[in-house]
Number of protein chains: 2
Amino acid sequence: MEIYRDSHDRALTDYPRPSVAVDTAVLTVPPGGELSALLVRAGAGVGTGTGTGTGTAWRLPGTFLHEGELLADAVLRSLRTKAGVSGLSPRQLHVFDDPARDNRGWVLSVAHLDVVPWPSLTIDESLAKVVPVADAGALPYGHNDILDQAVATLRTRYAAAPDPAGLLEHPFTLRQLQHLHETVAGEPLMRDSFRRAMEPQLAATGELAAGTVGKPARLFSGA
Amino acid sequence: MEIYRDSHDRALTDYPRPSVAVDTAVLTVPPGGELSALLVRAGAGVGTGTGTGTGTAWRLPGTFLHEGELLADAVLRSLRTKAGVSGLSPRQLHVFDDPARDNRGWVLSVAHLDVVPWPSLTIDESLAKVVPVADAGALPYGHNDILDQAVATLRTRYAAAPDPAGLLEHPFTLRQLQHLHETVAGEPLMRDSFRRAMEPQLAATGELAAGTVGKPARLFSGA
DNA sequence: GACGATTATCGCAGATTCGCGCTAAATGTC
DNA sequence: GACATTTAGCGCGAATCTGCGATAATCGTC
C-alpha cells in the first residue's frame with residue numbers, strides 16, 4: 001500500500017503526534033455495599049512514575065492505545081490485564097488534553113465509564129482494590145473529575161431506565177431492582193413513584209419468587 | 001530535560017501513535033433562518049483526498065492537532081483559518097476511532113460542538129457555506145452523526161437555560177429569546193410555559209424596548 | 001389455624017405543571 | 001382621540017405527578 005504524502009511531501013507520521021491513553025472509571029455495586037469504583041496501584045500502568053507518594057498510590061485503570069486498536073478495545077484489554085474483567089461496553093466521557101498532565105511526555109487521555117456486575121470483578125488484591133466512590137480520596141491526573149463525571153452519567157441513566165447497565169442477574173424482583181437503583185442513586189427512592197416509572201419498561205416472566213416469607217414477589221427481566 | 005524511558009528502555013515516541021484530528025459541528029442561527037451548520041469544501045482540510053465526488057464535497061471543518069496544542073485550541077485555529085471565526089468555546093462530543101476511517105492513515109477524530117453568533121461568522125464563500133442542519137445532506141466520515149449529536153446536545157442545553165450559547169445580543173426581549181429558542185428547538189414553544197421556565201433565570205435591565213408599536217417589552221440580560 | 005412478614009394494588013388528597021382565553025397597559029399611526 | 005398592535009399578567013380548568021395509608025393476598029413458621 002502506497003503511503004499517503006501531503007502537499008509538503010510528508011507522511012502523517014512525519015508530524016509530531018501525542019500518545020493516546022485510555023483511563024476508565026469502572027463502577028460496580030458489591031452485595032450489600034455502596035456504588036464503588038475500581039482502583040489500581042499507581043505504577044501498574046499509565047501515570048505516575050514511582051507511585052510511592054501517600055494518598056496518590058491508587059488511580060483509575062488505564063493503558064496506552066496500541067497501533068490500530070479501538071479505544072473500547074484498549075479499555076477492555078486494560079481491564080483484563082489489570083482486573084481480570086471481560087466482555088463489557090465502555091462509554092466515552094471526556095478527552096483530557098493538557099500537554100503537561102503527564103511528566104513522561106505528550107499524552108492525551110480518553111476517559112471512559114464502564115459498569116461491571118460484581119461477580120465478574122475478580123481482582124488481584126496486590127494490584128487493585130474496589131472502594132466506595134465516596135471513599136475514593138484524592139486521585140492523580142484529574143481522576144476524581146473522571147470519577148465524578150462517571151457517577152453523574154450512571155445516575156442519569158439509572159433515573160431513566162431499569163438497570164440499564166445490567167448489574168442484576170435475571171430474573172429479579174421489583175424490590176431487588178429498587179434496592180439496586182437506590183444504591184446507584186445514593187439515596188432512598190419512593191416505592192410507588194419508582195414502580196410507576198420502571199414497571200412499564202419491564203417484562204414480567206409470569207413466575208414468582210420462591211423461598212421467601214410473605215406474598216411471593218413477581219419476577220421480571222428486561223423489557 | 002531528560003527523555004523518559006520505560007522498562008523496555010523505549011521513549012513514548014518509539015511506539016506507534018495515531019494522528020489526532022478535531023472535527024467541529026459549528027452551529028449558528030441566521031437572522032430569520034433555521035438552525036444552521038457550517039460546512040467547508042472537502043480538500044480544504046482533513047479528510048477526503050480529492051473532494052471531487054458529488055454530494056460529498058462538503059464536510060465539517062477540522063484539522064490535525066499540532067504538537068503540544070489543546071484540542072480546543074486546535075478547534076479554534078481550524079475555525080479561524082477556515083471561516084474567520086474566533087473567541088468561542090468548543091465542547092467535546094465524541095472520539096471517532098475506527099482505524100480505517102481515513103485512507104491516509106491511522107487518525108482519531110475528536111468531534112466537537114461550537115455555537116457561533118451569526119454576526120461573528122464571516123466566511124470565504126469559495127471555501128465554506130452555512131446550511132440549515134435539516135438540509136446538510138450526506139456528509140463523509142460520519143459527520144452526519146457528529147452533526148446529529150451536536151444538535152441534540154444544543155437542544156438539551158437550550159431547554160434548560162436562556163440562550164446558554166450567547167447567540168442573542170444583549171439586552172433582548174422575551175419575545176426575541178423565545179423566537180431564538182424556537183429556532184434551536186425546531187418547533188413552536190408555549191408562551192407561558194417558556195416564560196415560567198426562563199424568566200427566573202434572567203436579569204431585567206429595568207429598561208424598555210423602544211421604537212415598537214404596542215406595549216413596550218421589558219429588556220433582559222443574563223441572570 | 002394463628003400469626004408475622006412481605007408484596008401488590010389502589011383510593012385519594014395535595015402539589016405541580018400546562019395551556020389558553022381574557023383583560024389591562026402602553027405604544028405609534030391615522 | 002380612536003384604533004391597531006404588542007406585551008404582560010393571571011384566573012382557571014385540566015392534566016400529571018407524588019406520597020401515603022389502607023387493604024388484600026400469600027407465603028413460612030409456630
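In this predicted model, the C-alpha centres of domain 1 and domain 2 of chain A lie 30 Å apart. The domain assignment of chain A places domain 1 at residues 12-159 and domain 2 at residues 161-222.

How much area is buried between domain 1 of chain A and domain 2 of chain A? The value is about 1,100 Å², and carbon and sulfur atoms give 66% of it. On the domain 1 side, A:V29, A:R157 and A:Y158 lose the most area to domain 2 of chain A, and together they make up 54% of what that side buries. Between these two domains of chain A there are zero salt bridges, but five residue pairs are in polar contact, counting pairs with both residues at pLDDT 80 or more.

Now let us turn to the place where the two protein chains meet. Chain B gives 28 residues to the contact, and chain A gives 28 residues too. The size of an interface is often given as the accessible area lost when the parts come together. For chain B and chain A, the buried area is about 2,500 Å², with 66% of it on carbon and sulfur atoms.

Which elements of chain B give two or more residues to the side that touches chain A? They are the strand β1 (19-28), the helix α1 (71-83), and the strands β5 (91-96) and β6 (107-115). By class, this side of chain B has 16 nonpolar, six polar and six charged residues. Between chain B and chain A the count of salt bridges is zero, while seven residue pairs are in polar contact, with both residues at pLDDT 80 or more.

The last stop is DNA strand C, which has 19 residues around it. Of these, A:K215, A:R218, B:M190, B:D192 and B:S193 come nearest. By class, the surface near DNA strand C has six nonpolar, four polar and nine charged residues. Which part of DNA strand C faces the protein, by its atoms within 4 Å? Sugar or phosphate accounts for 59% of those atoms, and the rest belong to bases.

A base nitrogen is 2.8 Å from an N or O atom in the side chain of A:D192. For B:D192, an N or O atom of the side chain is 2.3 Å from a base nitrogen of DNA strand C. The elements that give two or more residues to the surface near DNA strand C are α4 (191-198) of chain A and α4 (191-198) of chain B. Helix α4 of chain B gives the most to this surface, with four residues.

Conventions: Residues are numbered from 1 along each chain as its sequence is written. Chains are lettered from A and ligands numbered from 1 in the order in which they are written. This is a predicted model: local features need pLDDT of at least 70, side-chain atom pairs count only at pLDDT 80 or more; totals for chains, interfaces and linings use all residues. Side-chain values use heavy atoms; hydrogens and water are left out. A residue is near a molecule or strand if one of its heavy atoms lies within 4 Å of it. A polar contact is a pair of N or O atoms within 3.5 Å; within protein, one must be able to donate a hydrogen and the other to accept it, and residues adjacent in sequence count only if both atoms are side-chain atoms. Ala, Val, Leu, Ile, Met, Phe, Trp, Tyr, Cys and Pro count as nonpolar, Asp, Glu, Lys and Arg as charged, and the others, Gly among them, as polar. Contact means heavy atoms within 4.5 Å. Buried area is the accessible area (1.4 Å probe) that two parts lose on being put together, summed over both. A salt bridge is a side-chain nitrogen of Lys or Arg within 4 Å of a carboxyl oxygen of Asp or Glu. Domain bounds come from an automatic or database domain assignment.
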